[in-house]
Amino acid sequence: MAGLQGKKILVGVTGSIAAFKAAAWVHALVKEEAEVTVVMTRAAARFVTALTFAALSGNRVHVDMFADDPGQLMAHISLGRDADLVLVAPATANTIARLAHGLADDLLATAVLAAAGKPVVLCPAMNSAMYRHQATQENLSRLRDLGYTLVEPDCGRLACGDEGPGRLPEWERVREEILHALTVQDLAGQHVLVSAGPTREPLDPARYLSNRSSGKMGYAMARTAWRRGARVTLVTGPVAQPPPAGVEVIRVETAGEMHDAMMGVRDQATIIVKAAAVADFRPAFRKTRKIKKHQASPSLELAENPDILAELGRTRKEGQVLVGFAAESDNLKEEGRRKLLDKNLDLVVVNDITRPDAGFDVETNQVMLIDREGCRTLPLLSKEQSADAIWDHVLALPPRS
Ligand SMILES: Cc1cc2nc3c(=O)[nH]c(=O)nc-3n(C[C@H](O)[C@H](O)[C@H](O)COP(=O)(O)O)c2cc1C
């Protein structure tokens, strides 16, 4: 799946004190090579000038439905008709009310109607009392029923000094909603369970055994599955990744905790992706107090952790798809194939951890996909692109007898 590159996004800016933030969002869209056109309400133009949006988008900005300008005639239709997606940000209470009732009394409202059938993403921003008002809530509910995507506002201190819901959310969350709205929902109806990150096996309150997994690949699998319409549960070891939008996140530390979390969800999952780097061993004894240097011995006794993937393979339900990841440094194909058969998997994704641009903690990956029919190597891709290619492969897997 492509990102936002080449997507035609119509950004509708309305008369909120948060209108200046839309300038940064237009800049972010243009940086990703989206084709951005801005339409402003008359009230929005009191907060930020059209010149700002024209400079940032590289396109003329539309405000007046009746502009006496040959280049803009019929803009009330073409703006919506030509867009892949309409983003209204910030969306005032007034514009929300007008859109909920299908009014067409300004250029933005008319363009939204002319975009019938296209995704519309709305980011309400207003004082919390205005947001909580029954009239606004009923309008928002009606917009949801009409199929519009509503991005919940953040809570916090507002420009008027009140505290509560009403702030524009962070761009990353809105970007995810845009990608979700633009993506073919080919994983709709699936419940995907993903594990990601390392586990930590404590030795004492200060020390643990772990590994170099950053969680990036597992998080990319979870993020892309949600974008493609799946319900997603992510069981994650300790990592520095932000929680993916729309995904239910269960945080664990040890292999034992990861085992219990995975077994708690596996029966509801239709596809399980085990991308976590679970420690095979843990310290046999865990001290409750920090081990002092003079008490420590130079050797460490280890105990074996449960093999989560093997257990999932042994107890899999009929029709459930099971995908494992393998981090290997030698004999990638043979090791992957052995894992596929030993653990009763449908697909093994093998990372070559000796490559500097693949595997642990880098942004890119080059993986080998091994299923029962054969093996293929994907090119070097970003982890998100690799995740999408893996989902394409999962969807094309032949059913298991
Ligand atoms: C300083 C100031 C800040 C405002 N901020 C907001 C806001 O954040 N959200 C909102 O819904 N209305 C806000 N309003 C009220 C809108 O500007 C007003 O309802 C206007 O009619 C909206 O028109 P539009 O929806 O066509 O842009 C604000 C008004 C002023 C004077």
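The ligand is surrounded by 15 residues, the closest being Gly15, Ser16, Thr41, Thr92 and Met126; a residue counts as near a molecule if its C-beta atom, placed from the backbone, lies within 6 Å of it. The structure is a predicted model, in which local features need pLDDT of at least 70, side-chain atom pairs count only at pLDDT 80 or more, and totals for chains, interfaces and linings use all residues. Residues are numbered from 1 along each chain as its sequence is written. By class, the shell around the ligand holds 8 nonpolar, 7 polar and no charged residues (nonpolar: Ala, Val, Leu, Ile, Met, Phe, Trp, Tyr, Cys and Pro; charged: Asp, Glu, Lys and Arg; polar: the others, Gly among them). Helix α5 (residues 93-100) supplies the largest share of this shell, 3 residues. Helices (H or I, at least four residues) and strands (E, at least two) are DSSP runs, numbered from the N terminus.

An open sheet is formed by 6 strands in the order β3-β2-β1-β4-β5-β6, with parallel pairing; two strands pair if DSSP finds at least two bridges between them. Strands β3 (61-62) and β6 (149-150) stand at the edges with a single partner strand each, so one side of each lacks a neighbour in the sheet. Strand β2 (residues 35-40) pairs with β3 in the parallel sense over 2 bridges, and Val38 has Val61 in β3 as its bridge partner. Helix α3 (residues 50-57) packs on this sheet, touching β1 (8-13), β2 and β3, and its direction makes about 170 degrees with that of β2. Contact requires C-beta atoms, placed from the backbone, within 7 Å; axes are lines fitted to C-alpha atoms, for helices over the stretch in contact, and angles run from 0 to 180 degrees between N-to-C directions.

A further open sheet, of 8 strands and mixed pairing, has the order β13-β12-β9-β14-β17-β18-β20-β21. Its edge strands, β13 and β21 (374-377), each pair on one side only, and the twist averages 15 degrees from one strand to the next. Strand β20 (residues 367-371) pairs with β21 in the antiparallel sense over 4 bridges, with Met368 opposite Thr377 in β21. Helix α13 (residues 332-342) packs on the sheet against β17 (321-328), β18 (347-352), β20 and β21, its direction making about 40 degrees with that of β20.

In helix α11 (residues 255-265), the buried residues are Ala255, Met258, His259, Ala261 and Met262. A residue is buried if 20 or more other C-beta atoms, placed from the backbone, lie within 10 Å of its own. The elements covering these residues include β9 (191-196), β12 (231-236), β13 (248-251) and α12 (308-314).

Technical notes. Buried ≥ 20, exposed ≤ 12 C-beta atoms within 10 Å, placed from the backbone. Contact = placed C-beta atoms within 7 Å.
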